[in-house]
Amino acid sequence: MNATRTARVTAGALAALLLLSGCSSKVKDDDKKGDTAAGEVKTGEGISGKTITLGALTDMTGVYATLGKSVTQAQQLYVKQLNAGGGVCGYKVELTVRDHGYDPQKAVSGYTELAPKVLGFVQFIGSPFVAAVKPRIDGQDKGLVLPQAWSSSLLGSSYIRVIGSTYDIETINAVDFLMKEKGLKKGDKLGHVYFEGDYGESALTGSEHIAKEAGLTVVEQKIKPTDNDMTAQVAALKKAGVKAIVISAGPRQAASLVGVAAAGGFDVPIIGNNSAFAPQLLATQAGPALEKNYYVASPSLPIGADTPQAQKVVADYKKAYPKDSLDNGVVAGWTAAATFGEALKKACASKDLTREGVDKAVLTIDALDAGFGTAQNFTDPKAASSKESVILQPDKSVTGGMKVVREPEVSTVAEAYTVTP
């Protein structure tokens, strides 16, 4: 969604809804008498009786439908296990899920519906949509939001906390990989296919930055989330003579780009941002080309990582959802849920489960690793919680369809780069 339209949607939605008060109130739960820990804890929005309610704004029917399902199910699994262990401060946690289908109006209305009812959001897919409601989050609501979105424009908020490297940093690390491992060099042209709006433009900022540092020329191809056929983009990039391509879009667009390039004999390495792949693509006609010539930059190790926590998540997820495949949406969902869970536990220890108490608790998390290889530091709202990226390659023979070709690493250019929200 372009900036003009985003502003229009946001302004219209928020103007009609500003009267919906986000004011906090402390709940007095008479039924908690005798439960000393719960009785002493301050509470507010999103807590009623013995239940903490968290919101999840997902995409089950749009461009990220496959990943949205995995994110949501992983979070439901985490909450189930958290509750089985006693919950938080004697409270059970509950998720209220809404599917926005990657539609801006549905995303804004979904947030508007849930914001007064939940303590915070453990999921919000879509950088443009989070950006659209950011003024309200920062202004009247002040509830913690952990988005499955990595636009640098979301930094700087004490309430919206991006988990992992932002798209610009991730893209810098991706291009660094292309230069060190795939033959891209000074003087070459780098193609960049990207969604219009916050996601793609944040990634483009990264490719332009490293291009300037490394002596590359970026050839842009802007697309919309509804554009699924990349034939025209491949033709334009081939004509321009690019030596490698970055794609900042969805799984469908990545599969089309890689498949069309392979069919036309355009044999250049292609690397996507973390949301530009789903393992289900390996069963399509584009599968062989994806395994040969496609890479993905990720803020963490894949679901098939060889760590005890990752292996436990895989086993538990398979048991809970035996008919569903594993992908990195599970990693993103689990990591966000674990982060919110850690914030709740710390807020409980401080006896303050209000939104303010949870927000303060997040600021004390400085080295959280949910089991996928990257420690997250949330102490500075203006900075990404990590600058590391893992480079993955599709491989249908491994769990989750992705193997590691470069372990978590931050490039020299990314290390020196300062994110501008």
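At what angle do the axes of helix α4 and helix α5 cross, and within what distance do they come? I looked that up first in this predicted model, where local features need pLDDT of at least 70, side-chain atom pairs count only at pLDDT 80 or more, and totals for chains, interfaces and linings use all residues. Residues are numbered from 1 along each chain as its sequence is written, and side-chain values use heavy atoms, without hydrogens and water.

**Entry: α4 and α5**

I find helix α4 at residues 104–114 and helix α5 at residues 127–141; their axes come within 9 Å and cross at roughly 20°. That makes α4 roughly parallel to α5. I note the scale: under 35 degrees is roughly parallel, over 145 roughly antiparallel, 65 to 115 roughly perpendicular, and the rest oblique. Axes are lines fitted to C-alpha atoms, for helices over the stretch in contact, with angles from 0 to 180 degrees between N-to-C directions. Helices (H or I, at least four residues) and strands (E, at least two) are DSSP runs numbered from the N terminus.

The crossing of α4 past α5 is right-handed. A crossing is right-handed if the near helix is turned clockwise from the far one by less than a right angle, and left-handed if anticlockwise.

Which residues of α4 meet α5? I list Pro104, Ala107, Val108, Tyr111 and Thr112. On the α5 side I list Phe129, Ala132, Val133, Arg136, Ile137 and Asp141. Contact means heavy atoms within 4.5 Å. The residues of this contact of α4 with α5 divide into eight nonpolar, one polar and two charged. Here Ala, Val, Leu, Ile, Met, Phe, Trp, Tyr, Cys and Pro count as nonpolar, Asp, Glu, Lys and Arg as charged, and the others, Gly among them, as polar.

**Entry: two loop residues**

I checked Val118, in the loop between α4 and β4 (120–124). Is Val118 buried or exposed? Val118 has a relative accessible area of 1%, so it is buried. Buried means under 20% relative accessible area, exposed over 50%, and partly exposed in between (1.4 Å probe, protein chains only). Beyond its neighbours within four places in sequence, Val118 is in contact with Glu45, Gly46, Thr53, Leu54, Gly55 and Arg355.

Lys142 sits in the loop between α5 and α6. At a relative accessible area of 33%, Lys142 is partly exposed. Not counting residues up to four places away in sequence, I see Lys142 touch Arg136, Ile137, Tyr159, Arg355 and Asp359.

**Entry: α6 and α7**

I turned to α6 and helix α7 (residues 198–214), which pack at about 45° with axes 7 Å apart. That makes α6 oblique to α7. α6 passes α7 in a right-handed crossing. Among the meeting residues are Tyr167, Val175 and Asp176 in α6, and Tyr199, His209 and Ile210 in α7.

I looked at Asp176 on its own, in helix α6 (residues 167–181). Asp176 counts as buried because its relative accessibility is 9%. Apart from neighbours within four places in sequence, Asp176 is in contact with Ile210, Arg406 and Ser411.

**Entry: the disulfide**

How many disulfides does the structure hold? I find one. A disulfide is a pair of cysteine sulfur atoms within 2.5 Å. Cys89 and Cys348 form the link, with sulfur atoms 1.8 Å apart. The pair links distant parts of the chain, 259 residues apart: Cys89 lies in the loop between α3 (65–84) and β3 (92–99), and Cys348 in helix α12 (residues 328–349). The link is right-handed, with 95° about the S-S bond. Both Cys89 and Cys348 are buried.
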